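Please look through the structure below with this briefing beside you, taking the topics one at a time.

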Amino acid sequence: MKLSITLIGGPTALLEIDGFRLLTDPTFDAPGAYQLPHVKLEKLTGPALSAQDVGDIDAVLLSHDQHSDNLDHSGKAFLSKAKRVLTTEAGAKRLGNHAEGFAPWAATELKGRDGNSLTITATPARHGPAGIEPLSGDVIGFVVASSKPGSRPVYISGDTVWFDGVAEVARRFRCGVVLPFAGAAQTRGPFHLTMDTNDTIETARAFPDAVIVPVHTDGWAHFRQSAGDLRASFDTLGFGARLKILEPGVATVIE
């Protein structure tokens, strides 16, 4: 499998897999304050690439649609450029147009001109501690599996903490690359809404030989931990070689 990942900023990354181009949670707005119903979010840095730079996309993998740090104004405009938009069932109803809703473990296929295909499976996600669902809404992650012989799946966690659902993904799929949405996001109270360093370490242990490529670590004021914190944690525990920190805007081939 040929896999290249370009970090655009926050949760937004371009994945190029065996001729397919996928984009996670599109956020292309400039820095500034963004008011949500219950909280104000502050974006500190702009995207490393513009929506125009990204070009044509086969599918947007949208973990959820209600938070501006996962889908902002420019990101919503970008959705029309993608051939397909895969998201939660509730999100698809809100977005309309060509958004497709998926419950956890539902799957779909992308077919390429050369006979290759990608199977994309929606995975469980929990955007904070147990009981957060009425506030955070539905969230999903994704497993992307190429039809090419010898390929191993890629797991994109979406906005989630470590919980039984992530452990179940590890039981069902022997993924070779994992993109945890980290950063220990904190807005409403003294608890995290996305993976902190401990959660990311648990995820790495659950996928014992996967390359760990964190996103959602920098660019917003409510991210409490950075990529540097992950580097220090992984190095301290002796498996820093498995952690791949991306430089924003640079296409990085993942072996």
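The residues that line the largest pocket are three nonpolar, two polar and nine charged, where Ala, Val, Leu, Ile, Met, Phe, Trp, Tyr, Cys and Pro count as nonpolar, Asp, Glu, Lys and Arg as charged, and the others, Gly among them, as polar. This is a predicted model, in which local features need pLDDT of at least 70 and side-chain atom pairs count only at pLDDT 80 or more, while totals for chains, interfaces and linings use all residues. Residues are numbered from 1 along each chain as its sequence is written, and side-chain values use heavy atoms, with hydrogens and water left out.

**The largest pocket**
- The largest pocket holds about 270 Å³ of space, and of the 14 residues that line it, the closest to its centre are Gly19, Phe20, Asp58, Lys83 and Gly112.
- A pocket is an open set of points on a 1 Å grid over the protein atoms alone, with protein on both sides within 12 Å along at least five of seven lines, and lining residues have an atom within 4 Å of a point.

**The largest cavity**
- Of the 13 residues that line the largest cavity, the closest to its centre are His67, Asp69, His127, Thr187 and Leu193.
- The lining of the largest cavity has five nonpolar, five polar and three charged residues.

Key: 1 Å grid on protein atoms, 1.4 Å probe; cavity = no way out; pocket = protein on both sides within 12 Å on 5 of 7 lines; lining within 4 Å. Points joined across faces, edges and corners; volume = space filled by probe spheres on them.
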